[in-house]
Amino acid sequence: MAANFWTSSHYKNLLDPEEVDVAHQIEKERGITLEDRKLIKLHMSNYMTRLAQNVKVRQRVVATAISYMRRVYVRKSMIEYDPRLVAPACLYLASKAEESTMQARHLVFYIKKLYSDEKYRYEVKDILEMEMKLLEALNYYLVVFHPYRSLTPLLQDAGMSDSTQLIWGIVNDTYKMDLILIHPPHLIALACIYIGSALKDKENTPWFEELQADMNMVKNIAMEILDFYDFHKMITDERVNAAMSKLIGR
C-alpha cells in the first residue's frame, strides 16, 4: 500500500462532487433518481456494516468496502451491477486488500442467515464473479486512505482524546456519504473534530489556525455532514424499499 496519500491512486482519483452525484441513463429510464441512489448506497452501507459484524472483520475493512462500492457506482449503474451482490463482493475484496481475509462461504452463510429475501441470496460463485468485475470497474486501484489514520494523533494534539468515541462515531457516519471520494481523508477527520468541538463546547479556533488547514473546506465538509444528519432523520423504510424496488425487473 502506498505510504503517502499525496502520491497514491486514492489522491489521483479524487472526484468533483458533480462527477459523483450522477444518475446513469439506464437508471433514469428505470425512474431511479439521485435521491434513490443516495438511499440505495446508504442502505447498502448499512448492509455491509451488519454483515461485517457477523463475519467479524475490522471497521477498516468495512470502510474500504463501502469506499469501493461508492467508487464503482460513479462508473457503473445500479441496474448493471446489482447492489445486493456488489455489497458482499466489495466486503470480500476489501478483506483481501486490508489483509484481513474472510472466506466467501462465510459471507454466503451469514447473508442467508440475516436475510430471508431471495433477492439477497447469492452463492460463492456469484461473489467471486462479481469480485473480478469490481476489480475492473475500480481500474485495479484498491488503495484507500481513511480519516481514522490521522484522527488519533490529531485528537491528542487538540487535547480532545476524551472525545475519541464521539468523533470516531462521526467519522463512521461519513461513510454513509460520498465524502471519501471527494475530499482528502485528513480534511474529513478535521471536519469531524470541528463538529465534535462544537458538540463538546470546546474552543479550538487557535488550534485549527495553527494547522494552516483550509478552514473553508473543513467547514464545508462539516456542513455536509450536518446536512446528512438532517436528511437521515427523514429516511423511512418505505422510502428505502421504494428506491430498491426500482432495481427489479431487469
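This is a predicted model: local features need pLDDT of at least 70, side-chain atom pairs count only at pLDDT 80 or more; totals for chains, interfaces and linings use all residues.
## Packing of α4 and α5

On the α4 side, the contact is made by Arg37, Lys41, Leu42, Met44, Ser45, Met48, Thr49 and Ala52. Helix α5 contributes Val62, Ala65, Ile66, Met69, Arg70 and Tyr73. By class, the residues of this contact between α4 and α5 are nine nonpolar, two polar and three charged.

## Packing of α9 and α10

Helix α9 (residues 148-157) and helix α10 (residues 164-174) pack with their axes 11 Å apart, at an angle of about 155 degrees. The pair α9 and α10 is therefore roughly antiparallel, and α9 passes α10 in a right-handed crossing.

Tyr148, Leu151, Thr152 and Leu155 of α9 meet Thr164, Ile167, Trp168, Val171 and Asn172 of α10. The contact of α9 with α10 has six nonpolar residues, three polar and no charged.

## The largest pocket

The largest pocket holds about 400 Å³ of space. Its lining consists of 17 residues, and Asp21, Lys38, Met177, Asp178 and Glu224 are the ones nearest the centre of the pocket.

At least two lining residues come from each of α2 (17-20), α4, α11 (179-182) and α14 (215-233). The lining of the largest pocket divides into eight nonpolar and nine charged residues, with no polar ones.

Definitions and conventions:
Residues are numbered from 1 along each chain as its sequence is written. Side-chain values use heavy atoms; hydrogens and water are left out. Contact means heavy atoms within 4.5 Å. Helices (H or I, at least four residues) and strands (E, at least two) are DSSP runs, numbered from the N terminus. Ala, Val, Leu, Ile, Met, Phe, Trp, Tyr, Cys and Pro count as nonpolar, Asp, Glu, Lys and Arg as charged, and the others, Gly among them, as polar. On a 1 Å grid over the protein atoms alone, a cavity is a set of points where a 1.4 Å probe fits but cannot get out, and a pocket is an open set with protein on both sides within 12 Å along at least five of seven lines; lining residues have an atom within 4 Å of a point. Grid points are joined across faces, edges and corners, and a volume is the space filled by probe spheres set on the points. Axes are lines fitted to C-alpha atoms, for helices over the stretch in contact, and angles run from 0 to 180 degrees between N-to-C directions. Angles under 35 degrees count as roughly parallel, over 145 as roughly antiparallel, 65 to 115 as roughly perpendicular and the rest as oblique. A crossing is left-handed if the near helix is turned anticlockwise from the far one by less than a right angle, and right-handed if clockwise.
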